Amino acid sequence: MENKISNAALGFPKSILNNYQEFNENDFGRVIEEHKERYVVQNELGSFSAEITGQLRFTATDRSSFPVVGDWVRMQIFDEDKALVHEVVHRERALTRQAVGRDAEVQYIASNIDTAFIVEAVNRDFNLNRMERYMTLCYDAGIHPVFILNKVDLISEDRLEEMKFEIENRLFGMDLICTSATSTEGMSKLKDTIEEAKTYCFLGSSGVGKSSLINVLFDDQLLATGAIGDGNDRGKHTTTSRSLHVLPSGGILIDNPGTREVGMVSDNDGLSTTYAYIEDIAEDCRFSNCTHVHEKGCAVIEAVNNEEISEEAYQNYLRLGREQAHFESTVAERRKKGKDLARVIKDVKRLKNR
């Protein structure tokens with residue numbers, strides 16, 4: 001048991017005690033690491049290697065019932081550095097995506113996040129479509145997105161200005177920070193955005209420099225990093241699991257492995273918020289149920305033709321909408337199959353009991 005951090009620095013929500021009056025603060029901890037159903041849980045007593053109880057496993061309806069990094073859990077310490085997790089007691093603003101290769105299954109990335117730093121590297125990784133995708137995920141979860149354009153020391157000032165112009169003219173009003181872990185450019189601005197006891201999650205593809213940025217924030221080699229690979233101008237993937245770290249100056253950082261696929265999982269307000277300017281134009285469509293694909297009198301198509309909306313943004317808007325609709329329909333189909341199966345089992349039992 002070591003590495004003691006105050007519960008306040010970990011962002012402990014006092015509201016938990018309103019629902020668990022028979023417990024005290026040290027009966028709860030925050031999940032700081034997850035390794036295939038084995039966890040590291042932290043509170044001001046120290047960090048503990050933890051597993052979930054058999055009851056939690058038995059009563060879980062799906063994977064969402066299990067802890068994820070960032071969750072606050074009720075735990076029972078039974079050894080100097082070991083604990084059992086009884087339940088997840090506080091989870092909000094959870095970042096999710098569609099589980100890779102599994103239709104209608106949601107993967108929880110991390111929870112209780114205030115701000116997501118969406119990291120794009122300027123060297124061969126710059127992709128506005130991906131940035132809009134991450135924006136939508138964040139808005140769906142109620143998380144404030146901030147874009148970080150990283151490794152700016154690798155390009156000219158003119159090229160950087162071009163990239164900034166592209167972002168500002170497509171991702172309207174977004175907070176943008178240009179950084180370099182090597183030259184420390186922009187790092188002071190990044191540090192100034194981080195508040196004590198607030199949680200910040202780093203998102204982005206492998207090799208964009210998320211761990212390197214965190215290391216600079218800690219003034220230390222906290223996380224393993226890899227040099228840029230020969231011949232491909234990309235950083236090497238080094239983070240293999242999610243982990244939560246508390247800055248000495250205050251603020252909580254979650255590092256994530258690089259993500260190749262970021263599938264949409266809900267039809268909340270994320271898409272409408274990301275593409276608010278398209279939704280505003282859509283109010284002038286001739287038909288209230290316009291799909292913005294082929295209808296006559298579609299204001300969105302007209303705006304694309306008049307170059308008021310870029311073709312790339314329009315196509316990405318349609319693509320993300322189709323993904324959300326497909327996910328929701330697949331979920332509904334699974335639910336129907338489950339109900340039909342339950343009905344058949346019930347009928348069989350009734351026939352046997354005659």
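Biologist: What makes β3 and β5 count as paired strands, and do they run parallel or antiparallel?

Modeller: This is a predicted model, to be clear from the start. Pairing takes at least two bridges, and β3 (residues 46-52) and β5 (residues 82-90) are joined by 4, so they qualify; the two run parallel. One spot to look at is Glu-51, which stands opposite Leu-84 in β5.

Biologist: And which way does β4 pair with β5?

Modeller: β4 (residues 72-79) and β5 pair in the antiparallel sense, over 7 bridges. Met-75 has Val-85 of β5 as its bridge partner. The link from β4 to β5 is a hairpin of 2 residues.

Biologist: Back to Glu-51. What makes its pairing with Arg-38 a salt bridge?

Modeller: The cut-off is a side-chain nitrogen of Lys or Arg within 4 Å of a carboxyl oxygen of Asp or Glu. For Arg-38 and Glu-51 the closest N and O atoms are 2.8 Å apart, so the pair passes. The two residues belong to distant parts of the chain: Arg-38 is in strand β2 (residues 38-43) and Glu-51 in strand β3, 13 residues apart.

Biologist: Why are Arg-38 and Glu-51 called partly exposed?

Modeller: The label covers values between the 20% limit for buried and the 50% limit for exposed. Arg-38 has a relative accessible area of 44%, and Glu-51 comes in at 38%, so both get that label.

Biologist: What does Lys-14 count as, buried or exposed?

Modeller: Exposed takes over 50%. Lys-14 has a relative accessible area of 54%, so it is exposed. Lys-14 also forms a salt bridge with Glu-25, with the closest N and O atoms 2.3 Å apart. Glu-25 sits in the loop between α1 (16-19) and β1 (28-34), and Lys-14 in the segment before α1, so the pair ties together parts 11 residues apart in sequence.

Biologist: How many salt bridges does that rule give in total?

Modeller: The count comes to 16. Another one is Arg-159 with Glu-166, at 3.5 Å from N to O. Salt bridges with shared partners also join Glu-37, Arg-57 and Arg-63 into one network.

Biologist: Now Arg-242, in the loop between α6 and β12 (243-246). How do you know that it has no salt bridge?

Modeller: Set the distance against the 4 Å limit. The nearest side chain of opposite charge is Glu-34, and that is 5.2 Å away, so Arg-242 has no salt bridge, though it is buried.

Technical notes: Residues are numbered from 1 along each chain as its sequence is written. This is a predicted model: local features need pLDDT of at least 70, side-chain atom pairs count only at pLDDT 80 or more; totals for chains, interfaces and linings use all residues. Side-chain values use heavy atoms; hydrogens and water are left out. Buried means under 20% relative accessible area, exposed over 50%, partly exposed in between (1.4 Å probe, protein chains only). Lys and Arg count as positive and Asp and Glu as negative; His and the chain ends are not counted.
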